[in-house]
Amino acid sequence: MTGKKGGAEVTLEEIRFSYGEMRMHFDLDVPASQIAAIIGPSGSGKSTLLNLIAGFEMPQAGKVLIGGVDVTRLPPAERPVSMVFQENNLFAHLDVEANIGLGRSPKLKLTAADRAAIADAIARVGLTGKEKRKPETLSGGERQRVAIARALVRNRPVLLLDEAFASLGPALRVQMLDLVKALHAETAMTVLMVTHHPEDALHMDSLLFFLENGMIAASGNAKDLLSETGPEALKRYMGTTA
Amino acid sequence: MPGRAEGGAVPQRMSLIPRTTFPAKPLAGAIALAFLALLAGGALFSLAFEASRDESGAFAAFDAYLWRVARFTLLQALLSTLLSVGLALPVARALHAHQHFIGRAFILRLFALPLALPALVAVLGITSIYGRAGFIAKTAHYFDFGFTPDIYGLTGILLAHVFFNLPLAVRLLLAGLDSIPPDYWKLSAQLGMGSGSRFRLIEWPAIARSLPGIMGLVFMLCVTSFTIVLTLGGGPRATTLEVAIYQALHYDFDIGRAVALTLTQLALTLAILFLFRLTGRPTEEGFSLAITTRRYEKLRPGERLIDLSVILLAFLFVALPIAGMVISGLVADFGRLFSERSVWRAIATSLILGGAAALLSVILSLALVAAREAVASGRKMGRKQSFFERGLDTGASLILVVPPIIIGAGWFILLRHFADPFDFAPWMVISVNAAMAMPFAVRLLRPTWDTESARHNRLCAQLGISGWTRLRLVDWPVLRRPLSVAFAFAMALSLGDLGTIALFGSDAVQTLPYLLLQRMGSYRTLDAAGLALILGVLSLGLMMLADRGSQASPRKEERP
């Protein structure tokens, strides 16, 4: 399924995982080509959820299905997902082009087609002219653009954003969300994003999963959940009830 | 897809790196540990074996002579420690009270020098000042004082030990003083504290915390000091265990005595290290030339004068022997020295053996560091460290328990059963020096390795970068600098080593320190001074390279 246009359905079936004292239990289904935002208090298991999908954590029971295929036992590199972290997405000693190129070949053996794809991705995230720059000379937003460009050249049907824009200012964050939205419209990949800002979900008009104590406490359309009639737990988290 | 057990699945927390790959890092770490264990264990086994055999006469050798030597070993170390640390106290106080005078940074840099200097070179520097034909004797003669200093014996040993350890103690004490919160200095200025109460109320509590550690460190260095006692000690009355071991093996070929002496030395170092553990280790953390504590009090003119004279005296004490070494070295006939084949051979031998030892040391240290990180990050949450992981953690520093002379003596005694021990000189020099440099190399490599792994493990796992590709693309660019620093440092240490080569050296294999010792022994003082200068320049050059490398801004953070 790697390389195919479009998104893939992401399903967590009866996933059980414990992290120290914390026991988690996830059941989740994100249909193909959807955008889903994951919110919740810190320590509720948001990042763990993404780590389970990406393969950085191994569940104690249950299955991870991507595009209907069981990937529970696959190592991270073989899963059809790309993940963007909050920081440390780039190798500081490699320039922008090489950092993106790693998405095509982990040995940096790039063909002409690879180079074309990299140049295209750089253009699409708006970094043309900065191919030879090192990460230390880029702004925080530009670095995340490089990470997204790498996700583009990897061309996997699922994109995971782990608080990828948390360290950016409000205006920049909205810019980055718009970029993701535009790329989503283009590639139709499935996007799961962990965020601290519920308004991100509204901005993206996405699905919303609200996590509490290692469980999905509420899910549905962001617009419905975040409205007056939304569930109590979510309102408590938002601080909108007395 | 492997079938998954439903329901009662095995609870498992996977490391960030899938375990499907060959465990290259733990294996490399195990090899490095095995090397250390074999080196130290082989020597200890050999000693125990000899001691258990009756005919070696090891038990008979526990005689009055041995006890006298052991007593002197402890006595000189105790006196050296008291003098070094005691004299360092006022110097550190004075340097801390005066944060801004021209030359302060230079003095602090100078105080880092003696530790980087091969002991043999420093000994020549000291004799050039305090020796029978030294600077002081000549000055006295010029002014017609009938005074000829004789430093051979306890005096010389103490002088040299203080020369090495006073600057070290000053730096460590300064680190302690720098840890005092700045508000205290404001307070002391506001309350108008005098020098006495400042010392009692502010400085002493900070110093007292690090003092036992500093004294333990200096004491240990003096108990195991070999070169200084060998060259400045005077006959059987001023001999330490390490030198006696060397003499028993080298001159008398008295195996029984060597075994008895070595066991005593080992027991002594173990006992001291045990005490040392109770005191804790001094750190040089927080000490840097750049950061200065702001001091607010106004010193009385008298105090100022005393402080500055203390600093000047300490400066002269450290600087004079170094200057003497350089000047008497420059007088040497380099034209003739460099026309000698033996000199060139000694330089080449030193560089080759030192380079090989440094390379081995760095490779093994990297293996230990990488294995430790791999095992630690693969450890299940909340589980205790395994025995293997603890070994990877502390294995390198444990080698310091066994002084090089003991390792050398043990293997010398063991190899004698199978072959001519002198044939093994290069191998012994390389492996002992590599092992001795490992604790330092590990300390230089580990922080970078650990932070880089924390930063890159997930990314590499996702992008499928592993094995050699990872080493080439990710690890090497980041590790190049600390690796070269560790290499230069290890090589400088190896170049100055005399202990192992003194045991195993022969006409066939001569390093620079060995040749230097020979020339000193045959009273070719000028040659010795010239060789010392060559050796000093080589060692210091490498140390400066290492220092420059570690000071130069480590790669900028990803986030500005």
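Chain A has 8 helices and 10 strands, where helices (H or I, at least four residues) and strands (E, at least two) are DSSP runs numbered from the N terminus. This is a predicted model, in which local features need pLDDT of at least 70 and side-chain atom pairs count only at pLDDT 80 or more, while totals for chains, interfaces and linings use all residues. Residues are numbered from 1 along each chain as its sequence is written, and chains are lettered from A.

Let's look at the overall build of chain A. For 242 residues, a compact globule would have a radius of gyration near 18 Å, and chain A agrees, with 18 Å; the radius is taken over C-alpha atoms, and the globule rule is 2.2 Å times the number of residues to the power 0.38.

| Property of chain A | Value |
|---|---|
| Box filled by C-alpha atoms, along the principal axes | roughly 55 × 40 × 30 Å |
| Buried residues | 55% of the 242 residues |

Buried means under 20% relative accessible area (1.4 Å probe, protein chains only).

Now to chain B, and its helix 5. This helix covers residues 119-130 and reaches 16 Å from its first C-alpha to its last, close to the 16 Å expected at 1.5 Å a residue; the expected span is 1.5 Å times one less than the number of residues. Helix 5 of chain B is largely enclosed by the rest of the structure, because 11 of its 12 residues are buried. Among them are Leu120(B), Val123(B), Ile126(B) and Tyr130(B).

Technical notes. Heavy atoms only, no water. Buried < 20%, exposed > 50% of the residue type's maximum accessible area, 1.4 Å probe, protein only.
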